[in-house]
Amino acid sequence: MKILNDFLQRYNDYLQTFEDYLDKYTAKLQTKPEVLGESMKYSLQNGGKRIRPVLALACADVLAVPQEEILPFTLALEMIHAYSLVHDDLPAMDDDDFRRGKPSNHKAFGEANAILAGDGLLNEAYAVCFQECLKGEKYALAAKTLNECAGVYGMIAGQSADLYYSKQNAAVSEDDLKYIHAHKTGKLLIAPVLIASILGNNRQYIEMERFGKLLGVLFQMTDDILDVTGDFDKLGKTVGKDEKENKLTYVRLYGLEGAKVRADICARDCHTVLESIDADTEFLHGLVDYVLNRRH
Ligand code: GRG
């Protein structure tokens with residue numbers, strides 16, 4: 001129990017550090033017309049778990065990177081994550097009326113404004129990154145990594161493949177599933193880990209990369225499981241959509257029990273990689289269990 005409480009306390013500390021930094025950014029975000037900034041803030045401030053910023057801050061601690069160096073990147077990451085959800089919820093994509101228990105951006109502001117809110121968040125993310133690039137090569141490399149993870153060889157490719165395969169009735173392979181999820185979900189979860197390692201002068205890069213990849217797979221497995229076993233009140237979004245839309249998921253491929261077994265194995269692999277890292281990874285071990293057992 002004490003271990004769990006210590007973990008939750010640290011999670012909340014990281015979360016608060018991020019929220020304080022975000023507040024400073026949103027306080028300065030004034031647009032003309034106002035609706036642009038308001039719709040961006042709507043999706044940025046009503047946060048979810050904030051797992052990407054928390055992961056980045058935790059990895060920075062493991063690698064002795066000062067918080068002020070990683071914080072701008074946590075903001076850029078969360079802005080990219082927020083934009084991807086705004087666009088994913090649009091009728092032309094996943095068509096979801098709810099996000100985090102509230103009307104999705106296009107339900108609150110209309111479709112055209114939601115598209116622009118997403119565009120705005122993405123552009124602002126790179127504005128933050130460009131500012132960091134001015135500090136020197138290491139920071140530019142961190143920004144470049146974020147761009148690669150989020151872009152057409154990263155998350156966008158995963159989303160595109162997801163759309164493509166959802167429309168096919170042909171049998172889909174395990175490799176297709178892995179490709180979609182390694183990109184759509186995995187890339188934005190590996191990015192915080194890689195950025196922390198780059199800012200830490202590539203310390204433990206190989207191990208951290210392996211950990212980030214596995215955590216991304218685990219996250220997607222639990223996401224697929226929750227779409228079957230979760231409920232709207234906890235998830236804050238529509239459940240059961242994957243099956244309805246014929247989505248390629250771990251549950252579709254292996255069945256619910258098979259997906260759960262694979263998630264357990266993946267979590268064990270995450271722990272094994274963390275044990276090979278020569279630093280204090282206790283919080284990251286807790287984060288693996290948090291992702292495995294999450295209810296939202
Ligand atoms: C539109 C280019 C573009 C990409 C969209 C993120 C994404 C790609 C689609 C969302 C669909 C989805 C459910 C993906 C599975 C994993 C995922 C990213 C879940 C949402 O992330 P959480 O659980 O959300 O971290 P919170 O609300 O906690 O921030």
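The model is a predicted one, in which local features need pLDDT of at least 70 and side-chain atom pairs count only at pLDDT 80 or more, while totals for chains, interfaces and linings use all residues. Residues are numbered from 1 along each chain as its sequence is written, and side-chain values use heavy atoms, with hydrogens and water left out.

A pocket is an open set of points on a 1 Å grid over the protein atoms alone, with protein on both sides within 12 Å along at least five of seven lines, and lining residues have an atom within 4 Å of a point. Of its 46 lining residues, Leu-85, Asp-88, Arg-99, Asp-223 and Lys-237 lie nearest the centre. The largest share, seven residues, comes from α4.

Next comes the second largest pocket, with a volume of about 460 Å³. Its lining has 26 residues, with Ala-182, Ile-190, Lys-213, Leu-214 and Val-217 nearest the centre. Here α10 gives the most, eight residues.

Lys-49 sits in the loop between α2 (34–45) and α3 (51–62). Beyond its neighbours within four places in sequence, Lys-49 is in contact (heavy atoms within 4.5 Å) with Tyr-11, Leu-15, Phe-219, Tyr-290, Arg-294 and His-296.

Technical notes
Helices (H or I, at least four residues) and strands (E, at least two) are DSSP runs, numbered from the N terminus. On a 1 Å grid over the protein atoms alone, a cavity is a set of points where a 1.4 Å probe fits but cannot get out, and a pocket is an open set with protein on both sides within 12 Å along at least five of seven lines; lining residues have an atom within 4 Å of a point. Grid points are joined across faces, edges and corners, and a volume is the space filled by probe spheres set on the points.
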